[in-house]
Amino acid sequence: MTKAPLFQPLDFDRLSPTEQIRRSDEFLGRMLKRRSVRHFSSQPVPFELIANAIRAAGSAPSGANQQPWTFVVIGDPDLKRQIRRAAEAEEKESYERRMSQEWLEALAPLGTDWRKPHIEDAPYVIVVFRQAYGIGQDEAGKKKRVMHYYSEESVGIAVGFLLAALHIAGLATLTHTPSPMKFLARILDRPANERPYVLIPVGYPAAEARVPAISKKSLDEIMLTR
Ligand code: IYR
């Protein structure tokens, strides 16, 4: 049975042109200061900032509004230690055997290696899971698979919102994708429909944090107008 759509008035703030450009410039200025951080302080972070950022991520558009995501927030030192160990084991294998010379060369400017101390140093690690399908019920109340549409794109957009929200809240993040990531589903005891998508250490940068001297492409290089 298909549901009839139910509509309500749009709550939209129509801004003056000055206010539009002011906000646009302000947001751009802040976003341009975001960097991926690999050296974290263990200083605690108010949990409300994490919760708000996940609320913002959860507001992202998604295929058929299915919201195919789960955000696991890990503050427990023992769990962080387990995740670090498992991530480092996979990463050591990747850096030493699995990654091609071309890949290693592409990464060289970032100065990364298999060691992932930030997973334990950061006060929180957020692991984002993509729900490849949903779990619903048939008429008899039996569990059945619910098809999810565009879950890759949807989770990617939500993670973009999450990274922006954490940054705007004055926190540093790293988008980390240890590969393969299956160990995350096991350690965090997630159901079979959930696939690890990304692991994000969150916190304040260490006082001595340094970042690679790299730059972003200019507008000319990324935008075409027709
Ligand atoms: N997952 C590894 C390697 C790595 C891969 C890419 I592509 C990066 O942009 C950065 C790192 C790691 O996290 O070290």
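This is a predicted model: local features need pLDDT of at least 70, side-chain atom pairs count only at pLDDT 80 or more; totals for chains, interfaces and linings use all residues.
Let us begin with Ser42, which is in contact with Asp121 and Pro123 once its neighbours within four places in sequence are left aside; contact here means heavy atoms within 4.5 Å. Ser42 belongs to the loop between helix H1 (17-31) and helix H2 (47-58). Helices (H or I, at least four residues) and strands (E, at least two) are DSSP runs, numbered from the N terminus. With a relative accessible area of 59%, Ser42 is exposed. In this talk, buried means under 20% relative accessible area, exposed over 50%, and partly exposed in between, with a 1.4 Å probe and protein chains only. Ser42 and Val202 are 160 residues apart in sequence, and their C-alpha atoms are 10.0 Å apart in space.

Residues are numbered from 1 along each chain as its sequence is written, and side-chain values use heavy atoms, with hydrogens and water left out.

Now the chain as a whole. How many helices and strands are there in the chain? The chain has eight helices and six strands, and along the sequence they follow the pattern α-α-β-α-α-α-β-β-β-α-β-α-β-α. The C-alpha trace spans about 55 × 55 × 40 Å along its principal axes. Of the 226 residues, 35% count as buried. Consider next the contacts between residues at least 6 apart in sequence: 80% of these join residues at least 24 apart.

The chain exposes about 15,100 Å², and carbon and sulfur atoms supply 54% of this area. Accessible areas come from the Shrake-Rupley method with a 1.4 Å probe; for residues, only the protein chains shown count as cover. As for charge, there are 32 positive and 27 negative side chains, and the centres of the two sets lie 2 Å apart. Lys and Arg count as positive and Asp and Glu as negative, whereas His and the chain ends are not counted. The place of a charge is taken as NZ of Lys, CZ of Arg, CG of Asp or CD of Glu.

Let us turn to the ligand. Which residues surround the ligand? They are Glu91, Tyr95, Trp103, Leu107, Leu110, Asp113, Lys116, His176 and Thr177, where a residue is near a molecule if one of its heavy atoms lies within 4 Å of it. An N or O atom in the side chain of Tyr95 is 2.5 Å from an oxygen atom of the ligand. For Lys116, a side-chain N or O atom is likewise 2.5 Å from a ligand oxygen atom. A polar side-chain atom of His176 lies 2.9 Å from an oxygen atom of the ligand. Taken alone, the ligand exposes 370 Å², of which the protein buries 70%.

Helix H3 (residues 77-98) contains Glu88. Is Glu88 buried or exposed? Glu88 is buried, because its relative accessible area is 11%. Leaving aside neighbours within four places in sequence, Glu88 is in contact with Trp114, Arg115, Lys116 and Pro117.

Arg98 is also placed in helix H3, and Arg98 is partly exposed at 42% relative accessible area. The side chain of Arg98 makes a polar contact of 2.7 Å with the side chain of Glu90. A polar contact is a pair of N or O atoms within 3.5 Å; within protein, one must be able to donate a hydrogen and the other to accept it, and residues adjacent in sequence count only if both atoms are side-chain atoms. Beyond four places in sequence, the residues that Arg98 touches are Glu90, Glu93, Ser179 and Pro180.

That list leads us to a peptide bond. Ser179 and Pro180 are joined by a cis peptide bond, with omega about -5°. Pro180 has its place in the loop between strand S5 (172-173) and helix H7 (182-187).

Two further loop residues deserve mention. Gln67 has a positive phi of about 50° although it is not a glycine; Gln67 lies between H2 and strand S1 (69-74). Asp189, another residue other than glycine, has a positive phi near 60°, and its loop lies between H7 and strand S6 (194-203).

Ser151 is buried because its relative accessible area is 7%. The side chains of Ser151 and Arg130 are joined by a polar contact of 2.8 Å.
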